[in-house]
Amino acid sequence: MKIEGKNYRTIWFENNVVKIIDQTKLPHKFIIKDLKAVKDAINAIKVMEVRGAPLIGATAAYGMVLAIIEKNDQSFLKKSAQDLINSRPTAINLKWAVDRMIKKLSGVNSDKILEIALKEASDICEEDVKFCKNIGLNGLKIIEEIHKKKKDTVNILTHCNAGWLATIDWGTATSPIYHAHQKGIKVHVWVDETRPRNQGANLTSYELNEEGIENTIITDNAGGILMQRGQVDMCIVGTDRTLSTGDVANKIGTYLKALAAKDNNVPFYVALPSSTIDWNIKDFKKIPIEERNSEELSHLEGIDENKNLKKIRIYPKKSKALNLAFDITPAKYVTGLITEKGVCEASEKGLKGLFK
Ligand code: MRU
């Protein structure tokens, strides 16, 4: 998708380095950063220079490529794979991508290993682009239906950033929106700010602006009253891990939005590529929920009048804060899962019908 009229992807390989857009600086500064070693890839995932489930999976795959370039040695590769998987806990895509790389590389002799690793990491990215495009086409049908009935602008609420910046291109939750816009359907997006890191305001609103899509940032608590007033036609969110039961882990606050949607008869959709499905865990209480540094709550970052990035404390110095990064939305609150293979019920039957 576009930034200042130029097409970008979120990650690519060039001259033996991995290039990423540093998302910790957006929307204020657009910086392309080089990852030269596997430790750079691990750090980029940890500090969220790259974030979003599909993108951290792709970064981990390229992390394996960087590890091979550094030291083509089995024990180093094994340790790198583990460190990449452990760099963030909730999104299943990290393990999915690293496992896929390991499987592809097992038994490959050392003079071919780099070429094969590079091809697999690139295939992971290409596949994600294709899947996200199909999610868009499948989700477009739902937006078209609403538009046909309403004959007016379709108002869509989204949480966090499940846009192209969280994937390689198109996004998951945003892909149906981009496709609707390209088809000439008028859409307006309510963008949850998504405290504490403000991925909604800083990333979703930013990327929608760059594509010319009308959007309004709201506080995370505003969705309920907008739904009561009939100002939300549907919700679409992303996910970091969807269980085969249809239960969905996503950015903290998603659950409360789903409850409000249920109470107001607003359809609540979750968009995901199959790389985000966890077929093993059945009990959502077993999903590891990331707990991040409380400084993300107690401090705010922004740009000052001299265009310098600045961090300020907003909480009392002595106060404790708890920063849980994700929550679980039980399947019963999910109207449907929008996947690359079609839209299904949020249940084992629904998912298996499409994928197994
Ligand atoms: O903590 P983040 O910014 O990595 O969280 C991102 C989300 O919660 C997204 O909704 C999710 O990864 C889906 S991305 C297509």
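Let me begin with a term: a nonpolar core, as I use it here, is a set of buried Ala, Val, Leu, Ile, Met, Phe, Trp, Tyr and Cys residues joined through side-chain atoms within 4.5 Å. Please keep in mind throughout that what we are looking at is a predicted model.

In the largest nonpolar core there are 74 residues, and the members that touch the most others are I11, L84 and V187. If we take V187 and set aside its neighbours within four places in sequence, its contacts are I143, T153, V154, I156, I177, A180, H181, I213 and E214. Apart from this core lies another one, made up of 26 residues, including L157, I218, A261 and V270.

Let me turn to the ligand, which is surrounded by 18 residues, with G52, R88, Q199, N250 and K251 the closest. An N or O atom in the side chain of N250 is 2.7 Å from a ligand oxygen atom, while for G52 a backbone N or O atom lies 2.9 Å from an oxygen atom of the ligand, and for R51 a polar side-chain atom lies 2.9 Å from a ligand oxygen. Taken alone, the ligand exposes 410 Å², of which the protein buries 99%.

Finally, P89, which is found in the loop between α3 (74-85) and α4 (93-105). Is P89 buried, partly exposed or exposed? Its relative accessibility is 35%, so P89 counts as partly exposed, given that buried means under 20% and exposed over 50%. Leaving aside neighbours within four places in sequence, P89 is in contact with R241, P288 and E290, whereas A173, 84 residues from P89 in sequence, is 22 Å from P89, C-alpha to C-alpha.

Technical notes: Residues are numbered from 1 along each chain as its sequence is written. This is a predicted model: local features need pLDDT of at least 70, side-chain atom pairs count only at pLDDT 80 or more; totals for chains, interfaces and linings use all residues. Side-chain values use heavy atoms; hydrogens and water are left out. Helices (H or I, at least four residues) and strands (E, at least two) are DSSP runs, numbered from the N terminus. Buried means under 20% relative accessible area, exposed over 50%, partly exposed in between (1.4 Å probe, protein chains only). Contact means heavy atoms within 4.5 Å. A residue is near a molecule or strand if one of its heavy atoms lies within 4 Å of it. A polar contact is a pair of N or O atoms within 3.5 Å; within protein, one must be able to donate a hydrogen and the other to accept it, and residues adjacent in sequence count only if both atoms are side-chain atoms. Accessible areas come from the Shrake-Rupley method with a 1.4 Å probe; for residues, only the protein chains shown count as cover.
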